Amino acid sequence: MSLDIPALIKSLENCPCGKKHALRAPFVSFEKGLTADTGAILREELGGKDLLLVWDRNTEKASPGLREALTGAGYRVKELTYENLREAEMEISEEVMREAEGTDLILSAGTGSLNDVCRYAAFRLSLPFAIFATAPSMDGFLSGQAPLTVKGYKTTLDAKAPEVLLADVDILAASPAELKAAGLGDLIGKYTALADWKIASLLTGESYCPSIARLMRGAVEKAVKPIREGADPARDEGYALALMEALTLSGLMIYLAGSSRPASGAEHHISHLWEILYAARGLAPLYHGTKVGVAAALVSDVYHRAVETPPVFLAHTPAKEALERAFDPLYESIMRESLPDPAEGVKNETIARNWDGIARIVREEIPTGEEIRSLLRKAGGDATAEEAGVPEDMAEAGVKYAFYMRRRLTLMRLLRTRVAPFSVTE
Ligand SMILES: [Zn+2]
Ligand SMILES: [Zn+2]
């Protein structure tokens, strides 16, 4: 495996950006045939005797030999098996807490919601926590927060990053192409996220780390390359491993940068808006990375078009009625999040003076929307809002108004509020 985390953290010592990038390194290993060693690795890294294994029927089926590897290493294994866990609900996490009572560590076999319910339970119980990842589908593996549904509302809670993150490359490669396409979508979103970060730093002096940006971009390129070169997304091992490494690196970079800037920009704002509107309107959730990939292509279209011409300044905010309609029924809560305007201190003349620099960042660092859609399709994923089944009004609301989702300066926010003709003529 090429993802050497201790070496990577070391490479960021005395970083020229001036920031201290410190982290207690988790134990991370992705290898072919690793399943058989899982018990021994956990014994070595975390110790303990009684282990709670949390998974669902899908991830159980995807992980043959895992149970035996754990018992073979001397663990007494208690299993908590769900049918098909798609939603990370607080009740589920509370159940994990009850089941974990009296055990020495929690092992979550799976991704996404299965990790999140355990992440929060381990945090509440102060128990050692490990993840056995079964698919490279999103970049939250090393996250220290858990988005849980509490009484119907998605809430981001402090939780625990795993001390140990393991994956068997054979299992990753055999995971559904649809999940891998979601992982790739989340990674493609880094192109727009990194550009937003650099542009914001150009305009406001916000701290920006070129080393972190370069590492993130390099990992994304490595994951995209096999797809560009025609690898079979359903079974290519190099692709599956590169995805897992880049997704893991993304979580690490968030820690090391002390901000989600390296991983999240205008495209994630769109994804977050769709996510909460889907939940509020009772629609079946889409994969996080599917939304991010589709949104990144939309953002790229807007950015590339915007830098074709010099900026014309005209203050314009969307009409209240339009926002109320677009955000229904979440208008109040979204608007509360968005103030004060992070673009307030940015003068038009600063934008004008830096416009060539902004245009260069967009042209050099963000693939065109067409390229992004082509990559997503080659990976076997949905490339447009329509293909993903996002309702038309939500797709439009995403591109036009999702910048309200976070108090963060993005090029999208400037285009939607300050630079004509965006939103004036549309
Ligand atoms: Zn993401
Ligand atoms: Zn740095």
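**A colleague's note on helix α18 and the overall fold**

1. Let me start with a spot worth a look in the viewer: the cover over the buried residues of α18 includes α11 (266–280), α12 (288–306), α13 (320–327) and α19 (411–417). Please keep in mind that this is a predicted model.

2. Which residues of α18 are buried? The helix spans residues 392–401, and its buried residues are Ala397, Gly398, Val399, Lys400 and Tyr401. Lys400 is the one I would point out to you, as a lysine that counts among the buried residues here.

3. Along the principal axes, the C-alpha atoms fill a box of roughly 70 × 45 × 40 Å.

4. Among contacts with a separation of 6 or more, 82% are between residues 24 or more positions apart.

5. Now for the domains: domain 1 covers 5–174, while domain 2 is made of 177–208 + 261–420. Their centres, taken over C-alpha atoms, are 30 Å apart. Nine residues from domain 1 and 15 residues from domain 2 take part in the contact.

6. What classes of residue does domain 1 bring to the side that touches domain 2? You will find four nonpolar, one polar and four charged residues there.

Key:
Residues are numbered from 1 along each chain as its sequence is written. Chains are lettered from A and ligands numbered from 1 in the order in which they are written. This is a predicted model: local features need pLDDT of at least 70, side-chain atom pairs count only at pLDDT 80 or more; totals for chains, interfaces and linings use all residues. Two residues are in contact if their C-beta atoms, placed from the backbone, lie within 7 Å. Domain bounds come from an automatic or database domain assignment. Ala, Val, Leu, Ile, Met, Phe, Trp, Tyr, Cys and Pro count as nonpolar, Asp, Glu, Lys and Arg as charged, and the others, Gly among them, as polar. A residue is buried if 20 or more other C-beta atoms lie within 10 Å of its own, exposed if 12 or fewer, and partly exposed in between; C-beta atoms are placed from the backbone. Helices (H or I, at least four residues) and strands (E, at least two) are DSSP runs, numbered from the N terminus.
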